[in-house]
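Dear colleague,

Please find the structure below. My notes on what turned up in it follow.

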There are 2 protein chains.
Amino acid sequence: MSAEMMVPVQRKGSHRLSEAFEKAVRELLGARWSQSESVREHHGRDESSYPPMLPDGVAFVESSEEVSTVLKLCQAHRVPVIPFGNGSSVEGHILAIEGGISLDMSRMARVLDIHAEDFTVSVQPGLSRKQLNEELRSTGLFFPIDPGADASIGGMCATAASGTNAVRYGTMRENVLALTVVLIDGRIIRTGTRARKSSAGYDLTHLFIGSEGTLGVITEITLRLHPQPEQILAASCSFPRIADAVDTVVQIIQYGMAISRVEFIDALAVQAINAYSKLDMPEQPTLFFEFAGSPAAVQEQVAIVAGLVAEAGGSDFAWAEQQEDRNRLWHARHQAYFAALQLKPGCRAMATDVCVPISRLAECVEATVADLATSAIPAPIVGHVGDGNFHLIMLIDPEQPEEWEEAERINHRLVARAIAMEGSCTGEHGIGLHKMGFLRDQAGDDAVDVMRSLKQALDPLNLMNPGKIFATQVARD
Amino acid sequence: MSAEMMVPVQRKGSHRLSEAFEKAVRELLGARWSQSESVREHHGRDESSYPPMLPDGVAFVESSEEVSTVLKLCQAHRVPVIPFGNGSSVEGHILAIEGGISLDMSRMARVLDIHAEDFTVSVQPGLSRKQLNEELRSTGLFFPIDPGADASIGGMCATAASGTNAVRYGTMRENVLALTVVLIDGRIIRTGTRARKSSAGYDLTHLFIGSEGTLGVITEITLRLHPQPEQILAASCSFPRIADAVDTVVQIIQYGMAISRVEFIDALAVQAINAYSKLDMPEQPTLFFEFAGSPAAVQEQVAIVAGLVAEAGGSDFAWAEQQEDRNRLWHARHQAYFAALQLKPGCRAMATDVCVPISRLAECVEATVADLATSAIPAPIVGHVGDGNFHLIMLIDPEQPEEWEEAERINHRLVARAIAMEGSCTGEHGIGLHKMGFLRDQAGDDAVDVMRSLKQALDPLNLMNPGKIFATQVARD
């Protein structure tokens with residue numbers, strides 16, 4: 001395991017914008033170009049445990065054509081560019097480690113067209129997932145991908161996000177049909193069509209999903225939608241031991257059932273959620289379920305899952321039948337990250353994100369719980385366990401380097417464990433700054449070098465969100 | 001629309017293998033290196049209407065390491081390489097238009113490991129889809145992707161294949177977890193893990209799926225598997241008019257139902273299938289259905305579909321309840337291409353492959369039927385209509401250039417129609433040689449140039465299946 005990520009990174013060098021660049025971008029954008037401290041501060045921090053690293057300016061763009069013009073200016077003046085959605089990423093993705101500008105997409109937040117009859121919608125990248133579902137409400141359709149935060153759709157493409165619904169509906173990879181992308185040289189390309197499938201040339205759509213702003217700027221997204229199920233039931237139940245809860249999930253998945261959601265929350269996370277969301281769930285290892293489909297299908301699913309839960313010694317289901325109750329349950333789950341932060345005032349969170357084959361999940365969770373027992377760092381566990389994905393939310397005091405280092409050591413051991421189990425260091429958060437060493441451990445030097453070659457092909461001056469995913473060294477002069 | 005594809009291409013130049021290369025490859029492979037006319041002939045033709053273009057030799061490789069050694073030799077000696085699976089592609093993918101060697105994967109056809117508990121399997125690329133499902137029979141799992149031919153899994157990755165099950169299970173894109181790929185410089189990379197999801201760096205898996213052998217050689221594939229449904233029912237029904245059949249499909253899809261299969265076959269295709277597979281279906285526009293799931297779910301689906309069929313004036317269902325009957329039905333469907341060829345002795349087929357958003361399907365099919373009515377070329381229609389994808393199997397006499405040209409004109413009008421409807425020129429067959437002009441029409445010059453840049457990054461000498469997907473000109477000396 002590489003050690004270079006064991007301490008917080010610092011902004012490198014002292015890039016400054018040239019007067020010529022500032023003049024050109026100000027002429028183009030007027031008041032939509034800002035270098036104020038507060039605006040830069042807002043664009044220089046995310047939800048990671050890193051200290052802020054501010055961009056030198058922020059461009060509030062409004063169209064693909066404007067993005068194209070700004071990128072051409074950046075290329076001409078050798079200015080790094082970092083696309084910015086809602087700033088909710090957790091691995092340092094949007095920190096300006098080499099300076100440059102932040103490209104704020106919040107003014108590009110429109111729904112462009114809804115084709116309900118084709119189950120597709122095209123949107124701009126600044127739209128958030130909740131805003132999208134508000135707009136879809138009357139169509140009978142919805143967009144399922146739901147990371148904890150109300151992330152922007154563009155940011156969700158950039159990190160290949162998923163969430164609680166991925167066990168049924170897949171991740172962003174399975175739910176994006178096409179993108180419009182602007183390259184650093186100003187070219188605007190469309191990566192796909194509105195057809196459900198296509199074998200027309202290289203899969204550029206998937207190349208940009210998960211590219212974390214390092215290959216181009218996503219300015220339009222065509223998504224797959226899904227019909228709202230006829231019936232939805234949600235329930236929770238608790239278990240005496242973590243192992244029983246996780247084993248139950250493994251059995252449900254291995255049964256091959258099309259369950260909508262199955263989420264694990266450990267006792268400490270329940271405690272945090274109870275306090276934060278004013279609930280009174282038993283403070284024990286807990287599973288949250290959602291069953292959806294036709295009434296007959298829901299009934300079948302519930303019967304099977306209830307049987308497996310009872311065999312494992314789980315409690316009776318606490319039902320959330322009304323939409324209002326369900327919303328409360330899932331809102332509480334989505335707020336788990338923020339609830340956890342309240343367990344230790346003034347802390348920052350280092351969230352782990354391993355994902356392992358389902359057959360290795362119980363073993364991975366148990367070994368991790370045993371490892372955590374040797375540490376004083378509070379670390380509630382939550383997980384999209386149906387996918388084999390779980391998070392430790394390690395709460396560390398940013399003023400105490402030894403806490404950071406201890407959390408890093410736990411994370412390194414966890415990632416090594418997941419990789420040894422043929423899993424991934426990140427199921428949904430992405431690499432960003434924080435997992436670059438882990439990516440090399442997982443994919444190998446040659447695969448990372450291939451990624452670097454692809455970046456070199458599209459961004460030869462290394463201006464698109466430089467220094468994320470992998471280290472790059474390019475002479476820009 | 002570009003006109004350069006209107007006539008058959010010819011093998012370019014007169015590349016010859018050097019004595020030094022031949023000596024080296026013979027020392028490496030012994031009897032697994034062949035330059036016999038019959039072996040080269042077998043590797044120089046596919047199911048397209050192109051005349052054969054033979055490679056200069058065929059290497060029967062047995063491991064990733066051996067592929068690596070061969071590719072390094074090819075790079076050192078500037079020899080083009082064409083990976084070869086079962087030769088069942090239909091767009092000229094494996095024709096040796098610049099000479100070089102064919103890399104035959106048929107000796108790499110093992111199942112490497114089955115993880116039934118994770119619904120994954122790892123296989124070598126030469127294994128065929130039917131062989132794979134034979135090996136999986138005892139596990140209760142299956143691999144759903146089923147192009148008409150018994151294609152190799154590696155070839156199915158290379159073309160992003162799909163088939164009749166894609167409406168329920170997706171295409172190769174949704175069902176490949178990871179690949180081992182050998183690059184032209186001999187590097188062997190692994191593109192993913194066995195975890196269900198990962199956000200670890202660029203999506204190299206999807207970059208190689210659909211790359212048609214132009215970026216590297218796929219030597220190992222980890223696939224997602226699916227549980228065999230508890231109950232499966234299949235049925236067919238016929239309609240007086242094509243429009244009624246297609247409208248019914250559109251309604252089924254827009255209902256949001258998880259139907260397993262829904263295939264359209266026009267009257268001429270039924271006639272061909274009846275003759276070839278010794279069946280006696282009514283020679284009318286026909287739909288083939290498969291319903292699968294729990295008995296309750298199947299019952300629900302059947303009731304809804306039967307209602308929609310009746311409203312559209314369709315016949316009663318002809319049921320295929322027993323596995324043997326179902327197998328006969330789907331075997332007949334899969335043989336449609338070969339059945340069609342028998343309609344016109346000595347003919348070759350030019351198969352079209354457009355895919356449009358489902359809301360435009362009826363309009364696209366109807367306009368195409370009207371266009372065909374002006375031509376004397378027999379063209380049975382079959383389609384994965386649930387995906388918006390359908391094929392004309394245009395039967396042309398290879399000795400009659402005017403038939404080829406007329407078929408090309410029909411194809412050009414069809415593709416233009418599909419692109420105008422926000423669809424794709426190819427739903428599952430790929431670009432190969434035949435659709436290069438269509439790809440530019442569909443994706444635009446800039447997107448194709450991006451694809452070319454990616455190829456340049458991984459294969460700077462343009463040795464991997466050169467001249468497919470897009471034209472390339474690289475000095476190799």
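Into which domains is chain A divided? Chain A has domain 1 (19-106), domain 2 (111-227), domain 3 (231-338) and domain 4 (344-437), with bounds that come from an automatic or database domain assignment.

Before the rest, the conventions. Residues are numbered from 1 along each chain as its sequence is written, while chains are lettered from A and ligands numbered from 1 in the order in which they are written. This is a predicted model, in which local features need pLDDT of at least 70, side-chain atom pairs count only at pLDDT 80 or more, and totals for chains, interfaces and linings use all residues; side-chain values use heavy atoms, with hydrogens and water left out.

Between the chains

Chain B has 80 residues in contact with 80 residues of chain A, contact meaning heavy atoms within 4.5 Å. About 6,100 Å² is buried between the two chains, and carbon and sulfur atoms give 58% of that area. Buried area here is the accessible area (1.4 Å probe) that two parts lose on being put together, summed over both. B:Lys197, B:Ser199 and B:Tyr202 supply 16% of what chain B buries against chain A, more than any other three residues.

There are 10 salt bridges between chain B and chain A, each a side-chain nitrogen of Lys or Arg within 4 Å of a carboxyl oxygen of Asp or Glu. A:Arg196 forms a salt bridge with B:Asp387, and their closest N and O atoms are 3.3 Å apart.

On chain B, the side that touches chain A divides into 33 nonpolar, 28 polar and 19 charged residues. Ala, Val, Leu, Ile, Met, Phe, Trp, Tyr, Cys and Pro count as nonpolar, Asp, Glu, Lys and Arg as charged, and the others, Gly among them, as polar.

Within chain A

The centres of domain 2 and domain 4 of chain A, taken over C-alpha atoms, are 28 Å apart. Each of these two domains gives 9 residues to their contact. The area buried between domain 2 and domain 4 of chain A is about 570 Å², with 41% from carbon and sulfur atoms. Between these domains the count is 0 salt bridges and 4 residue pairs in polar contact (both at pLDDT 80 or more).

Regards

Note on methods:
Polar contact = N/O pair within 3.5 Å; in protein donor to acceptor, adjacent residues only side chain to side chain.
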